[in-house]
Amino acid sequence: MITAGIIAGFALGTLGVTAIIKKKDSVYANDIKQKNPMENKKVIFIGNAGDKENADGVRGHLEAIGDVEHKAGVYEKYIKRIVDIVISFWGLIILSPVYLGIAIAIKIDDPGPALFTQKRVGRNKQYFKLHKFRSMKMSTPHDIPTHMLDNPEQYITKVGRFVRRHSIDELPQVWDIFIGNMSIIGPRPALWNQDILIAEREKWGANNIKPGLTGWAQINGRDELEIPVKARLDGEYSEKLKIGGFKALLFDCRCFFGSIFSVARGEGVIEGGTGEMKKHAGKME
């Protein structure tokens, strides 16, 4: 028992030091060009036909209209963070054989790196590097949401189809939780150029909290949801977090266990992404 405790303590210390070292790089601290000019700013979306089409398929841009005034409460700032550290630490340890097996399968299916990173939007719109298992071919365009690809099925590998269906591709984000860029529960992190989603979440205060591995929107439809609906659900979670205390903890537990059931049933995952089910329904009518 004592030996196990010493080993666990050594592992925690080693991972903790690694996280501190990697933290700056993970949020582009040493690369000013990659920093978000809208960080800590309230934003709105301004449509403009002259702008480049963003990841939501709309031409326009975000404009700042003020500063973010969100202040994290005791539950959000301390209790939730402690829970994140404990669960993510043990997740990294317990899942390490799974990580190895998946990485090998990915490389055999389609030679190349098993992991990849994407620039995503974190708390208060700070950009960070999100980690995922690669589920698509090396030839797939980078930083483009699945729903923006022409026939996304053609890019998904055999192993990728399985890991996406069961959300296994998201497992490397346990590290992003441990390092402090994400939480277990929260809005799913948007791509840096998903301006519509970011602007919609701004209306509900959902950009002010850490993004999560899973969340309230995830267990209420995930890819089936249109952006305004998804943003509203993320806002509902943000409001619950503000309440803090035992109610916030219970709601986090509800999201956590609800996600387990949703993943087990493979619900809400549609190749093509946000709102794709509605598009398919429209074609059938």
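In helix 6, the residues D195, I196, L197, I198, A199, E200, R201 and E202 are buried. This is a predicted model, and in it helix 6 spans residues 195–204. Because 8 of its 10 residues are buried, helix 6 is largely enclosed by the rest of the structure. The partners of these buried residues are strand 1 (41–47), strand 2 (60–67), strand 3 (115–121) and helix 7. After helix 6 comes G205, which has a positive phi, near 75°.

The structure holds 1 cavity of 30 Å³ or more, and the space in the largest cavity is about 80 Å³. By type, the lining divides into 8 nonpolar, 2 polar and 3 charged residues.

In soluble globular proteins, nonpolar side chains tend to be buried together. Here the largest nonpolar core has 18 residues, and W216, Y237 and C255 have the most contacts inside it. Two or more residues of this core come from each of strand 4 (127–133), strand 5 (183–185), helix 7 (227–243) and helix 8 (245–265). Leaving aside residues up to four places away in sequence, W216 touches L233, E236, Y237, F251, R254 and C255.

Another feature is the packing of two helices. Such a pair is described by the angle between the axes and the distance between the axes. Helix 3 (residues 96–109) and helix 4 (residues 158–165) pack at an angle of about 140°, and their axes lie 8 Å apart. On the helix 3 side the contact involves I102, A105, I106 and D109, which meet K158, V159, G160 and V163 of helix 4. An α-helix has 3.6 residues a turn, so residues three or four places apart point the same way. The residues of the contact between helix 3 and helix 4 divide into 5 nonpolar, 1 polar and 2 charged.

The loop between strand 4 and helix 4 contains S139. Is S139 buried or exposed? Its relative accessible area is 58%, and a residue counts as exposed when that value is over 50%, so S139 is exposed. S139 and Y155 are 16 residues apart along the chain, and their C-alpha atoms are separated by 7.7 Å.

Note on methods: Residues are numbered from 1 along each chain as its sequence is written. This is a predicted model: local features need pLDDT of at least 70, side-chain atom pairs count only at pLDDT 80 or more; totals for chains, interfaces and linings use all residues. Side-chain values use heavy atoms; hydrogens and water are left out. A nonpolar core is a set of buried Ala, Val, Leu, Ile, Met, Phe, Trp, Tyr and Cys residues joined through side-chain atoms within 4.5 Å. Buried means under 20% relative accessible area, exposed over 50%, partly exposed in between (1.4 Å probe, protein chains only). Helices (H or I, at least four residues) and strands (E, at least two) are DSSP runs, numbered from the N terminus. Contact means heavy atoms within 4.5 Å. On a 1 Å grid over the protein atoms alone, a cavity is a set of points where a 1.4 Å probe fits but cannot get out, and a pocket is an open set with protein on both sides within 12 Å along at least five of seven lines; lining residues have an atom within 4 Å of a point. Grid points are joined across faces, edges and corners, and a volume is the space filled by probe spheres set on the points. Ala, Val, Leu, Ile, Met, Phe, Trp, Tyr, Cys and Pro count as nonpolar, Asp, Glu, Lys and Arg as charged, and the others, Gly among them, as polar. Axes are lines fitted to C-alpha atoms, for helices over the stretch in contact, and angles run from 0 to 180 degrees between N-to-C directions.
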